Amino acid sequence: MKLTDRLLKIASLVSDGKKIADIGTDHGYIPVYLLKEERVPFAVLADVNKGPLDNARKEVIQNNLLEKVDLRLGSGIEVLEIGEVEEVIIAGMGGILISELLEAKKEVAHSIEKLILQPMQAQEELRRYLLNNGYEILTEVLVREDFRIYEIIVAKYTGKNTIIEDEIQFEVGIKLLENKDSLFYDFVEKKIKTYSAIVNQLEDKHGEEIDRKREESKIAIRKLENLIK
Ligand SMILES: C[S@@+](CC[C@H](N)C(=O)[O-])C[C@H]1O[C@@H](n2cnc3c(N)ncnc32)[C@H](O)[C@@H]1O
């Protein structure tokens, strides 16, 4: 078992000595790695599908870790009770699904000391959900794997909403800018390229919706350029 850079970065954000849950664990690589390294004493490995949970079970057995884990079949954090674990990882799913999973069992989501969230898409929607629903974004980290830059958002419920200065901060987390993440420039450049491609595609096309989209994309490009000036 060799962890990819994305999985290693997620694992690095777990605090030593904490009981954890890995939701949507699939292969179970992150908790198995953390248990083997003796960085955490106990882990819940959960997945909504039986196949992935069986994969995780095999990995756990191969590594002789059955006594230190609980394997649970079920959706999201519905498999958890308050106080069972201190930190939760939800990685490799869409941002909207992640927010739905937090919303589905709020009392547990609110009790977790650290939520380590790695959305594959809809990162903007996840930030919007967190900041408008009483979660504080503690930090954000970028990690490059193959040709992609992945976003990892670390959050905790505080009960206080965060007012952002500009909508662009839902798309580019403010903590990334504050932390001067080494991939920040490349990350923003990629976004500028995506918006520029939209503007180019819409060239010579007209209509209310198209004009609005083009204008929004141009505004986003200007804001993104300002971030890396
Ligand atoms: C792409 S894999 C990600 C595996 C691993 N977390 C990672 O980041 O590499 C997504 C996993 O989430 C599981 N999953 C999807 N919806 C889920 C839900 N509602 N609750 C728990 N697990 C879910 C899938 O069965 C699958 O094993």
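**Reading the features in turn**

Modeller: Strand E4 supplies three residues to the shell around the ligand, and this is the largest share of that shell. Please keep in mind from the start that this is a predicted model.

Colleague: How many residues surround the ligand, and which are the closest?

Modeller: There are 15 residues around the ligand, and the closest of them are Gly-24, Asp-26, Pro-52, Ala-91 and Gly-92.

Colleague: How is the shell around the ligand made up by class?

Modeller: Seven of its residues are nonpolar, six are polar and two are charged.

Colleague: Where should I look next, and what is the general idea behind a nonpolar core?

Modeller: In soluble globular proteins, nonpolar side chains tend to be buried together. In this model the largest nonpolar core holds 53 residues, and those touching the most other members are Ile-20, Ala-21, Leu-34, Ala-43, Val-88, Ile-89 and Ile-90. Helix H2, residues 29-36, is the element that gives the most to this core, with six residues.

Colleague: Which residues is Ile-20 in contact with, leaving aside its neighbours within four places in sequence?

Modeller: Ile-20 is in contact with Val-14, Pro-31, Leu-34, Val-40, Ala-43, Val-85, Glu-87, Val-88 and Ile-89. There is also a second, separate core of six residues, which includes Val-172, Phe-187, Val-188 and Leu-224.

Colleague: How is the chain divided into domains?

Modeller: Domain 1 covers residues 5-162 and domain 2 covers residues 186-227, while the centres of the two domains, taken over C-alpha atoms, are separated by 33 Å.

Colleague: Which value does phi of Asp-26 take, and where does Asp-26 lie?

Modeller: Its phi is near 55°, a positive value in a residue other than glycine, and Asp-26 is placed in the loop between strand E1, residues 20-23, and H2.

Colleague: Is Asp-204 buried or exposed?

Modeller: Asp-204 is exposed, because it has 5 C-beta neighbours inside 10 Å, and a residue with 12 or fewer is placed in that class. Asp-204 lies in the loop between helix H9, residues 184-201, and helix H10, residues 208-227, and its phi is near 70°, again a positive value in a residue other than glycine.

Key: Residues are numbered from 1 along each chain as its sequence is written. This is a predicted model: local features need pLDDT of at least 70, side-chain atom pairs count only at pLDDT 80 or more; totals for chains, interfaces and linings use all residues. Domain bounds come from an automatic or database domain assignment. A residue is near a molecule or strand if its C-beta atom, placed from the backbone, lies within 6 Å of it. Helices (H or I, at least four residues) and strands (E, at least two) are DSSP runs, numbered from the N terminus. Ala, Val, Leu, Ile, Met, Phe, Trp, Tyr, Cys and Pro count as nonpolar, Asp, Glu, Lys and Arg as charged, and the others, Gly among them, as polar. A nonpolar core is a set of buried Ala, Val, Leu, Ile, Met, Phe, Trp, Tyr and Cys residues joined through C-beta atoms within 7 Å. A residue is buried if 20 or more other C-beta atoms lie within 10 Å of its own, exposed if 12 or fewer, and partly exposed in between; C-beta atoms are placed from the backbone. Two residues are in contact if their C-beta atoms, placed from the backbone, lie within 7 Å.
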